[in-house]
Amino acid sequence: MNYELSAHSPHIVRQRLNILVGGVILIAALISWRLLQKGVIEHPLYAAQAENQYEISKELPSRRGTIYAQDYELGRRVPMASTEERFDISVVPRNVKDKPAAAQILATIFNLEKEEVLTAISNERLYLPPLVRGVPKEKRDEIVSQGFAGLLVEKRHERVYPENQLAAQLLGFVNREGAGNYGIEGYYDRELRGVSGSVVGEKDTLGRIISTLQKVAPEDGIDVELTLDHNVQFAVEERLYRGVEESGASGGQVVIMNPTSGEIIALGGTPSFDPNKFSEFASQPDRFRNPVIGTTYEPGSIFKPLIMASAIDLGKVEPDTTETFNKSVTVQGYEIHTALDKAYGNETMTQVLENSDNVGMVWVSGKMSNEELRNKLTSFGIDEKTGIDLAGEDAGLLLALPLWREIHRATIAFGQGVSVTPMQIVRAWAALINGGKLVTPHVVKAVTGERSITLAADAPIKEGVISQETSSKVRGMLESVVKNGPYGRTRIKGYRIGGKTGTAQIASDQGGYSETDYTHSLIGFFPVDEPKFLILVKLDKPKNAEFAESTAGPIFHDIAQYLFGYYKIPPTE
């Protein structure tokens, strides 16, 4: 059969050829563009993704600084909180060749159930959560020496408290995330923690670094040296715990401070906790809070010397000023009685303190205006935090001047209607007996490390709270209180001691004061002429005696006697 070509056939061929060539050029252009896009424009992205397939970045934790206490007897430092290497032990099931044998080894060394271990590793997974955490180096070495395939050991830092419960509320603890909580650990957390480093390296299929590409070394935390004496702290806590049990109290606190420098020699409270096992006390968080700085109370009669000193310093009375007092006095319709509901008659101001005469103290406070008395109390630091270098400090409460009435001035005169922390009263008493200097209590003596930090020990001292002459007079009055008052359980033969007890009612949740619950306190100092030790003993709700001299007195006596022997302080009489 014959076919005849159209006259337009060459044109059609050329047109189709042009379309084909154009398509080829377009496809080539698109391919070139994609190559340019992937190879040049998006190269950094794909390079990074490629790197992520064989690179890994890990944090290098810094080593938390050590906290040391003093040991005066041996002239050394004692670690109270340290950081030790611990190891988490696991296996890579896919790499374990003999699983029953591996399970037997792990169970034997770490006291595990063999069948439970075997069940956990009987698979082909590449990762298994640690079978044992926090293993010491000796146990790590023991398991590594077995040399079975698939063993995975990861090192980490763990906070350890070698003395367990000792000084726990002062130290605080470090939580599972590595953050300091409460006490020194909380207050100096950033400085103790240091700065983490990092490492970037090539990884294997298990995610382990097999070669380092880049590394930033961590900066370890500072070491902290406390003013606390390890032996005194132990003796204080032992005697406090026994005293709480003997008195039937719900708790108690002891503070020993150098009133001239503000150094805390011992500080303890009960009930407490073991910072190594802090998680076991999670349902009792009040145990973590340091009651010496974080709880307030109405101090009762240990507040009276501050009122008396204020009146003497303002020229209102002298230690030998005499007045006659009945067993009660009425102020704005409220009747105030002496503690024993007896009239002491004619008394000097020294005898008012010896007898702890509430009526006499109301008379003394009445010699001052509300403004004069409140200004004096604020100069003693009663309405402010002490600035101690511990986390969790409270400030107590002193009524604002516009709220003061005569009855407030009267009740404050014998330590009711004002709230303080134990540390606030210790600080105020330090100014009372050290010549009128308001020091900053502190527990950190020095730090060691790269960082420069400001210490509470370097805080300026406020002078002139009272005159040196007034301070000397009050010291003499307080020595007379211990000598001539009902302080038989407190006195120590041959030693001059000044001090005062307080038996304070506790405010009721229903208003007014409880008829059954009291706070017992005793605060004392020695040597009288140049005090080096100021001791506060406080018991919460004791049940087995009516007054503080019978409960806090023996605790103070035994602690003071221990200090005389420990520091080799000779008798003064």
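Colleague: Which residues lie nearest the centre of the second largest pocket?
Modeller: In this predicted model, the lining of the second largest pocket comprises 42 residues. Those residues divide into 15 nonpolar, 18 polar and nine charged, and the pocket they line has a volume of about 1200 Å³. Nearest the centre lie His337, Thr338, Ala339, Asn358 and Thr503.

Colleague: Which element gives the most to the lining of the second largest pocket?
Modeller: At least two residues each are supplied by β15 (334–337), α15 (406–412), β18 (498–507), β19 (513–526) and α18 (548–566). The element that gives the most, with five residues, is β18.

Colleague: What span should helix α9 have, at 1.5 Å a residue?
Modeller: Helix α9 covers residues 230–247, which is 18 residues, and the expected span is 1.5 Å times one less than that number.

Colleague: Which residue caps the N-terminal end of α9?
Modeller: Just after α9, glycine 248 takes a positive phi of about 70°. At the N-terminal end, a side-chain oxygen lies 3.0 Å from the backbone nitrogen of asparagine 231, a residue that is among the buried ones of α9. The residue that supplies this oxygen, and caps the helix, is aspartate 229.

Notes. Residues numbered from 1 in each chain as written. Predicted model: local features only at pLDDT ≥ 70, side-chain atom pairs only at ≥ 80, totals over all residues. Heavy atoms only, no water. Helix = DSSP H or I, 4+ residues; strand = E, 2+ residues; numbered from the N terminus. Buried < 20%, exposed > 50% of the residue type's maximum accessible area, 1.4 Å probe, protein only. Polar contact = N/O pair within 3.5 Å; in protein donor to acceptor, adjacent residues only side chain to side chain. 1 Å grid on protein atoms, 1.4 Å probe; cavity = no way out; pocket = protein on both sides within 12 Å on 5 of 7 lines; lining within 4 Å. Points joined across faces, edges and corners; volume = space filled by probe spheres on them. Nonpolar A, V, L, I, M, F, W, Y, C, P; charged D, E, K, R; others polar.
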